[in-house]
Amino acid sequence: MSTNYWKAWAYGVVLAGVALAAACGSAPMVGASCPQGTEDCPCYGNSTCNTGLSCFSNTCVNPLSGNGGHGGGGGGATGVAGASGVAGATGGGGVTGGAGATGAAGSSTTPTNLIKNGDFSLGKEYWDLTYQAGEVAGSDYSGGQYCIYNLSTSLYLSFSLGYPPTPSDAFAIDPTATYTLSYQAMGTAMTMPATVMVKIGHVEAPYTQLYATTDYPNAALQTFTHQITSATGDTAAGLVFNGTLDYYSYACFDNVSLVKN
């Protein structure tokens with residue numbers, strides 16, 4: 001039974017109850033025991049009632065309660081019909097309208113990020129930086145980004161920024177499932193643009209690779225997004241940014257996210 005049909009039925013029952021009350025000469029009277037605007041009492045002068053009630057034949061009724069006003073016999077029968085409506089999931093359908101809205105809100109909930117501290121708000125926690133080659137380098141993670149600096153004036157620097165440093169914080173990649181990898185990065189350059197190879201693979205040796213791609217960040221912070229699917233999956237995977245920097249240049253990373261679609 002549709003929600004519109006249920007509402008029409010409920011309003012019909014209420015009108016019938018009010019008509020019965022009027023026919024029996026038992027229309028409510030205004031008084032201390034029956035204040036205007038309350039249920040089963042007279043409506044206000046502008047034909048309105050308190051919140052949740054409707055004015056029918058100058059009587060305030062609750063269209064969802066199945067109460068037919070002062071007509072006691074009609075009210076009882078209507079109450080049974082209301083209970084039947086709930087049993088038939090029709091009344092629940094009206095309430096389910098709210099539940100449906102909640103369901104829609106649930107569907108828009110942000111998916112779980114498999115990368116802990118992806119925004120580096122906790123500094124370098126859950127991350128590990130290793131310098132692979134270079135002369136002199138530095139790093140900073142105090143400003144909500146993880147930045148790596150090549151302080152040499154003549155030599156290149158290569159580095160690996162990996163997640164996680166301990167296998168207990170690894171994440172699972174389900175076989176054939178699709179994931180979205182997203183992160184922000186920027187990199188300065190003197191003669192050669194910065195390069196970042198992103199890899200996802202087993203967190204421990206032999207570090208079996210599931211996915212790899214190369215991005216080329218420039219001096220403006222930009223977002224890189226990749227769709228990832230693995231036929232085999234992995235129960236304990238990790239992520240690493242393998243970067244190469246020109247001399248006297250730097251790269252920064254932020255908002256690393258890996259979510260299952």
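Reply: A pocket is an open set of grid points with protein on both sides within 12 Å along at least five of seven lines, where a 1.4 Å probe fits. The model discussed here is predicted. Its largest pocket has a volume of about 540 Å³.

Me: What makes a residue part of the lining of the largest pocket, and which residues lie nearest its centre?
Reply: A lining residue has an atom within 4 Å of a point of the pocket. The lining of the largest pocket consists of 23 residues, and Gly 162, Val 203, Tyr 207, Leu 239 and Val 240 lie nearest the centre. Two or more lining residues come from each of strand E3 (128–133), strand E6 (157–163), strand E9 (195–202) and strand E12 (234–245). By type, the lining divides into ten nonpolar, eleven polar and two charged residues.

Me: How do you know that Cys 34 and Cys 41 form a disulfide?
Reply: The definition asks for a pair of cysteine sulfur atoms within 2.5 Å. The sulfur atoms of Cys 34 and Cys 41 are 1.9 Å apart, and the pair forms a disulfide. The link of Cys 34 and Cys 41 is left-handed, with -120° about the S-S bond. Both of these cysteines are buried.

Me: Why is the disulfide of Cys 43 and Cys 55 called right-handed?
Reply: The torsion about its S-S bond is about 105°, so the disulfide of Cys 43 and Cys 55 is right-handed. Cys 43 lies in the loop between helix H1 (3–23) and strand E1 (54–56), whereas Cys 55 lies in strand E1, so the pair ties together parts that are twelve residues apart in sequence. The S to S distance in this disulfide is 2.0 Å.

Me: Why is Cys 43 called buried, and why is Cys 55 called partly exposed?
Reply: Buried means under 20% relative accessible area, exposed means over 50%, and partly exposed lies in between. Cys 43 has 2% relative accessibility, so Cys 43 counts as buried. Cys 55 has 25% relative accessibility, so Cys 55 counts as partly exposed.

Me: What parts of the chain does the disulfide of Cys 147 and Cys 252 tie together?
Reply: A disulfide joins Cys 147 to Cys 252, with an S to S distance of 2.0 Å. Cys 147 lies in strand E5 (residues 146–150) and Cys 252 in strand E13 (residues 249–260), so this pair ties together parts that are 105 residues apart in sequence. The link of Cys 147 and Cys 252 is right-handed, with 110° about the S-S bond. Cys 147 counts as buried at 7% relative accessibility, and Cys 252 counts as buried at 3%.

Me: How many disulfides does the structure hold, and what pattern do they follow?
Reply: The structure holds four disulfides. With bonded cysteines counted along the chain, the pattern is 1-2, 3-5, 4-6, 7-8.

Me: Why does Asp 169 count as buried?
Reply: Asp 169 has 15% relative accessibility, so Asp 169 counts as buried, the cut-off being under 20%. Asp 169 is found in the loop between E6 and strand E7 (171–173). Leaving aside its neighbours within four places in sequence, Asp 169 is in contact with Lys 116, Tyr 126, Tyr 163 and Pro 164.

Me: What kind of peptide bond joins Tyr 163 and Pro 164?
Reply: A cis peptide bond joins Tyr 163 and Pro 164, with omega about -5°. Pro 164 has its place in the loop between E6 and E7. A cis peptide bond also joins Ala 205 and Pro 206, with omega about 15°.

How values were computed. Residues numbered from 1 in each chain as written. Predicted model: local features only at pLDDT ≥ 70, side-chain atom pairs only at ≥ 80, totals over all residues. Heavy atoms only, no water. 1 Å grid on protein atoms, 1.4 Å probe; cavity = no way out; pocket = protein on both sides within 12 Å on 5 of 7 lines; lining within 4 Å. Points joined across faces, edges and corners; volume = space filled by probe spheres on them. Helix = DSSP H or I, 4+ residues; strand = E, 2+ residues; numbered from the N terminus. Nonpolar A, V, L, I, M, F, W, Y, C, P; charged D, E, K, R; others polar. Buried < 20%, exposed > 50% of the residue type's maximum accessible area, 1.4 Å probe, protein only. Contact = heavy atoms within 4.5 Å.
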